[in-house]
Amino acid sequence: LNDADFQALAQKIDLVINSAASVNFREPLDQTLLTNTLSLNTLIKLARVRKIPVVHVSTCYVNGFNTGLMLEETSPPKHGGIARSARGYFEVTPVIDALQQKIAREQSRHADKKDREQALIELGITESNRFGWNDTYTFTKWLAEQVLMQALQDQSLTILRPSIVESTLQEPVPGWIEGVKVADAIIMAYAREKVTFFPGDPGSVIDIIPADLVANSIILSGAEALSSASAHRIYQCSSSQRNPVTIRQVIQHVQDEAMHNFAQYPNLFLRKP
């Protein structure tokens, strides 16, 4: 937008809800850093015009390799010395600058597009692991939280962290989902008899949250941001503490449904699995 249109847009907006992200766990580092972290600088510029409240949809997995009960606060990286400011956020500008320098070096080393892309995927995983994350998605989402907290210190910011978002509980209808997400790909592979074994601890909790509960949490966060004094808030939209479900239970539910009602899902099951 040109400056005039940008200012005109800012005058019309009461609330910014940012839920855009790349959720690819193995995306080239340059792309995921741009989408999940650096793009927020434009959003920040817009929100600053009139101190517009911001609700930012993050992920529970910004907590990375940290274990135990994760509270609604900013957790330090499991590895790597990133300084923490007196305001609570981590000083990530030097980290982002260093990542961009490493990206530039990898880009200059590889003339072939596929080789360059693979090198940037590997760089992303290496850097994520080095600081205490499993993948570039969760690492860049944690960086994004820090960027927002630093830039919007004096205005309203709500960070909402869902866990694994899956099909709806009630609205618009029970069980609705669009696209193939985390658990869906495994269920589809089982239904089509592509996978007969999946490694995992049956007793471990898999934190699944229905999509409509996440949507409700976003609406509530926005309403609170508009009606309350400016503040920074963090909410985790998850199930593992109050209503945990284990991997064993998920497998049992899927298998029971498949064995008794497979014919109701002709687009999923070719025959009784």
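A pocket here is an open set of grid points with protein on both sides within 12 Å along at least five of seven lines, and its lining residues are those with an atom within 4 Å of a point. The model is predicted.

**The chain as a whole**
- The chain has 273 residues, and 40% of them are buried.
- Its secondary structure consists of 9 helices and 6 strands.
- The C-alpha trace spans about 60 × 50 × 40 Å along its principal axes.
- Of the contacts between residues at least 6 apart in sequence, 78% join residues at least 24 apart.

**The second largest pocket: position and elements**
- The pocket is lined by 28 residues, of which E166, S167, I187, I208 and V254 are the closest to its centre.
- Two or more lining residues come from each of helix 7 (182-191), strand 5 (208-210) and helix 9 (247-261).

**The second largest pocket: residue types**
- Nonpolar residues number 17 in the lining of the second largest pocket.
- The rest of this lining is made up of 8 polar and 3 charged residues.

Conventions:
Residues are numbered from 1 along each chain as its sequence is written. This is a predicted model: local features need pLDDT of at least 70, side-chain atom pairs count only at pLDDT 80 or more; totals for chains, interfaces and linings use all residues. Side-chain values use heavy atoms; hydrogens and water are left out. On a 1 Å grid over the protein atoms alone, a cavity is a set of points where a 1.4 Å probe fits but cannot get out, and a pocket is an open set with protein on both sides within 12 Å along at least five of seven lines; lining residues have an atom within 4 Å of a point. Helices (H or I, at least four residues) and strands (E, at least two) are DSSP runs, numbered from the N terminus. Ala, Val, Leu, Ile, Met, Phe, Trp, Tyr, Cys and Pro count as nonpolar, Asp, Glu, Lys and Arg as charged, and the others, Gly among them, as polar. Buried means under 20% relative accessible area, exposed over 50%, partly exposed in between (1.4 Å probe, protein chains only). Contact means heavy atoms within 4.5 Å.
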